Amino acid sequence: MDTTTLERAFTTWFGEQLELQVDTQIFRGSLPAELDTGVGVLLLDDIPSVNAGCNVYNLQVICKYHDRDEVRTLLDQLAALMPCYETAISDTITIKSMIRRGGGHPWKEQDNGRAKYFGSFNCVIALVG
C-alpha cells in the first residue's frame, strides 16, 4: 500500500472524528515547527503479518497545546475511538482493526521559549488489501 495515501487518509479520518480541520488543526506527519498548537498523524513502520491479505502498521497521533487538560481531552477522545473494526476511512481503504497500543500522559517542555504540553497516542492498524 502507498503509505503517503494511507497517512493522508488517516489524517482526514481522525480530523473528522475529532472535529479538527486538516492542515489547520491536524496535520499529516510531524507538526510544522511554526505551529503554536495542533495534532499530527504519523504512519510509522509496517509490521510483518502472518495474516494473508492484511497490511499492519504502527500509527502515532501526537499533539501540543498550551493547557495540560487539552492534551488529556485529546488522548481520551482517541482512546474512545478504540478498538475500531471493519471501518472504511476512504473509498479504497478499510480498517480491519485498529487497537490502542499505548497512550502517553501529557508532558511539559519548552517550545519556542514557551511552556507547552505534549501528548502521544499509539495504535496498531490492520488494513484489508
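Is Phe118 buried or exposed, and what is its relative accessible area? Phe118 is buried, with a relative accessible area of 13%. The legends below describe close-up views of a predicted model.

**Figure 1. Overall view of the predicted protein, which has two helices and seven strands.** Read from the N terminus, the elements follow the order α-β-β-β-α-β-β-β-β. Along the principal axes, the C-alpha atoms occupy a box of roughly 50 × 25 × 25 Å. A compact globule of 129 residues would have a radius of gyration near 14 Å, and the value of 15 Å for this protein agrees with that. Of the 129 residues, 43% count as buried. The accessible surface amounts to about 6900 Å², and carbon and sulfur atoms account for 47% of it. Among contacts between residues at least 6 apart in sequence, 57% connect residues at least 24 apart.

**Figure 2. Close-up of the stacked pair formed by Trp107 and Phe118.** The two ring centres are 6.0 Å apart and the planes meet at 20 degrees; planes under 30 degrees apart count as stacked, so this pair is stacked. Trp107 belongs to strand E6 (residues 107–111), whereas Phe118 belongs to strand E7 (residues 114–128). Eleven residues separate the two partners, and the pair thus links distant parts of the chain. Trp107 is partly exposed, with a relative accessible area of 36%, while Phe118 is buried at 13%.

**Figure 3. Close-up of the aromatic cluster of Phe10, Trp13 and Phe14.** The structure holds three aromatic pairs. In one of them, the rings of Trp13 and Phe14 have centres 5.1 Å apart and planes at 75 degrees, so the pair is edge-to-face. Trp13 and Phe14 are both buried. Ring pairs join these two residues and Phe10 into a cluster.

**Figure 4. Close-up of the largest nonpolar core, a set of 32 residues.** Phe10, Phe14, Leu59, Met98 and Ile125 touch the most other members of this core. Two or more core residues come from each of helix H1 (3–18), strand E2 (38–47), strand E3 (54–65), helix H2 (68–80), strand E5 (94–103) and strand E7. Helix H1 supplies the largest share, six residues.

Figure 5. Neighbours within four places in sequence are left aside here. Beyond them, Phe14 is in contact with Ile26, Val41, Leu59, Val61, Leu78, Leu81, Met82 and Met98. Two of these partners, Leu59 and Met98, are listed with Phe14 among the core residues that touch the most other members.

Methods
Residues are numbered from 1 along each chain as its sequence is written. This is a predicted model: local features need pLDDT of at least 70, side-chain atom pairs count only at pLDDT 80 or more; totals for chains, interfaces and linings use all residues. Side-chain values use heavy atoms; hydrogens and water are left out. Rings of Phe, Tyr and Trp (its six-membered ring) pair if their centres lie within 6.5 Å; planes under 30 degrees apart count as stacked, over 60 as edge-to-face and the rest as tilted. Buried means under 20% relative accessible area, exposed over 50%, partly exposed in between (1.4 Å probe, protein chains only). Helices (H or I, at least four residues) and strands (E, at least two) are DSSP runs, numbered from the N terminus. A nonpolar core is a set of buried Ala, Val, Leu, Ile, Met, Phe, Trp, Tyr and Cys residues joined through side-chain atoms within 4.5 Å. Contact means heavy atoms within 4.5 Å. The radius of gyration is taken over C-alpha atoms; the globule rule is 2.2 Å times the number of residues to the power 0.38. Accessible areas come from the Shrake-Rupley method with a 1.4 Å probe; for residues, only the protein chains shown count as cover.
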